[in-house]
Amino acid sequence: MGLELYLDLMSQPCRAVYIFAKTNGIPFELRTVELLKGMMFPVFLGEPVPPETLAATLAELDRCLQLLEDKFLRNQAFLTGSHISVADLVAITELMHPVSAGCQIFESRPKLAAWRQRVEAAVGKDLFQEAHAVVLKAKDLPPADHAMREKMRPLMQVLLK
């Protein structure tokens with residue numbers, strides 16, 4: 001096999017490339033890499049997310065979801081029209097991150113939920129689940145050990161400000 005894809009399926013763009021290659025029958029050999037190797041931020045460190053940070057993040061997520069519906073999806077089947085595109089793959093892989101953290105972002109948004117179902121159907125349910133399996137298990141990972149937490153603490157302080 002000629003094409004080797006070095007992908008971390010925790011990464012949204014990597015999952016989009018993975019789905020694109022599989023959907024289009026592009027033969028490749030998957031070479032799994034861990035881009036962030038243990039960098040699952042506050043929860044991974046065993047620290048709670050500050051309530052004000054969580055509230056601001058959820059408010060921004062809600063604003064972005066509304067923008068996605070109003071400006072891009074509108075009344076179309078997919079983001080760029082009647083056929084699935086790379087834009088749909090990039091968007092859905094991005095949205096699966098909050099889902100993996102337990103946010104039910106599709107429940108109160110029937111238009112987005114229907115779009116997600118169309119994307120999943122277009123690429124195939126099995127491939128969709130396969131591509132997101134790693135990220136959907138992330139919340140079940142144990143917190144990092146003490147040495148790793150201390151090593152990452154300065155980065156976390158910057159990111160959570």
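## Confidence and overall make-up

Because the model is predicted, its confidence values come first. The average pLDDT over the chain is 84, and 86% of the residues score at least 70. Confidence is lowest in helix α2, which covers residues 41-44 and has a mean of 54, and it is highest in helix α5, residues 110-123, where the mean is 97.

The chain holds seven helices and two strands, and their order from the N terminus is β-α-β-α-α-α-α-α-α. Of the 161 residues in the chain, 33% are buried. When contacts between residues at least 6 apart in sequence are considered, 75% of them join residues at least 24 apart.

## Helix α1 and its surroundings

Helix α1 has twelve residues and spans 16 Å from its first C-alpha to its last, which is close to the 16 Å expected at 1.5 Å a residue. The buried residues in α1 are Gln12, Cys14, Arg15, Ala16, Tyr18, Ile19 and Ala21, and these pack against the strands β1 (4-7) and β2 (29-32) as well as against the helices α4, α5 and α6. Just after α1, Gly25 takes a positive phi of about 65°.

Apart from residues up to four places away in sequence, Gln12 touches Thr93, Glu94 and His97. Val17 also lies in helix α1, but its relative accessible area is 38%, so Val17 counts as partly exposed. Once its neighbours within four places in sequence are left aside, Val17 is in contact with Leu5 and Leu7. The C-alpha atoms of Val17 and Val86 are 8.6 Å apart in space, although the two residues are 69 residues apart in sequence.

## Helix α4 and what covers it

Helix α4, residues 86-100, is made of 15 residues and reaches 21 Å from first C-alpha to last, a span close to the 21 Å expected at 1.5 Å a residue. Its buried residues are Asp88, Leu89, Ala91, Ile92, Thr93, Leu95, Met96, Pro98, Val99 and Ser100. The cover over these buried residues includes α1 (12-23), α3 (51-73), α5 and α6. Thr93, listed among the buried residues of α4, is also one of the residues that Gln12 touches. Just after α4, Gly102 has a positive phi of about 100°.

## The packing of α5 against α6

Two packed helices are described by the angle between their axes and the distance between the axes. Helix α5 and helix α6 (residues 125-137) pack at an angle of about 105°, and their axes are 6 Å apart. An angle of 65 to 115 degrees counts as roughly perpendicular, and α5 and α6 are therefore roughly perpendicular to each other. On the α5 side the contact is made by Arg116, Glu120 and Val123, while Lys125, Leu127, Phe128 and Gln129 make it from α6. By class, this contact of α5 with α6 contains three nonpolar residues, one polar residue and three charged residues.

## The loop between α3 and α4

Arg74 is located in the loop between α3 and α4. Most residues other than glycine have a negative phi. Arg74 has a phi near 45°, a positive value in a residue other than glycine.

Setting aside its neighbours within four places in sequence, His83 is in contact with Phe78 and Asp88, and Asp88 is listed among the buried residues of α4. The C-alpha atoms of His83 and Val119 are separated by 9.5 Å, with the two residues lying 36 residues apart along the chain.

Key:
Residues numbered from 1 in each chain as written. Predicted model: local features only at pLDDT ≥ 70, side-chain atom pairs only at ≥ 80, totals over all residues. Heavy atoms only, no water. pLDDT = per-residue confidence, 0-100. Helix = DSSP H or I, 4+ residues; strand = E, 2+ residues; numbered from the N terminus. Axes fitted to C-alpha atoms, helices over the stretch in contact; angles between N-to-C directions. Parallel < 35°, antiparallel > 145°, perpendicular 65-115°, else oblique. Contact = heavy atoms within 4.5 Å. Nonpolar A, V, L, I, M, F, W, Y, C, P; charged D, E, K, R; others polar. Expected span 1.5 Å × (residues − 1). Buried < 20%, exposed > 50% of the residue type's maximum accessible area, 1.4 Å probe, protein only.
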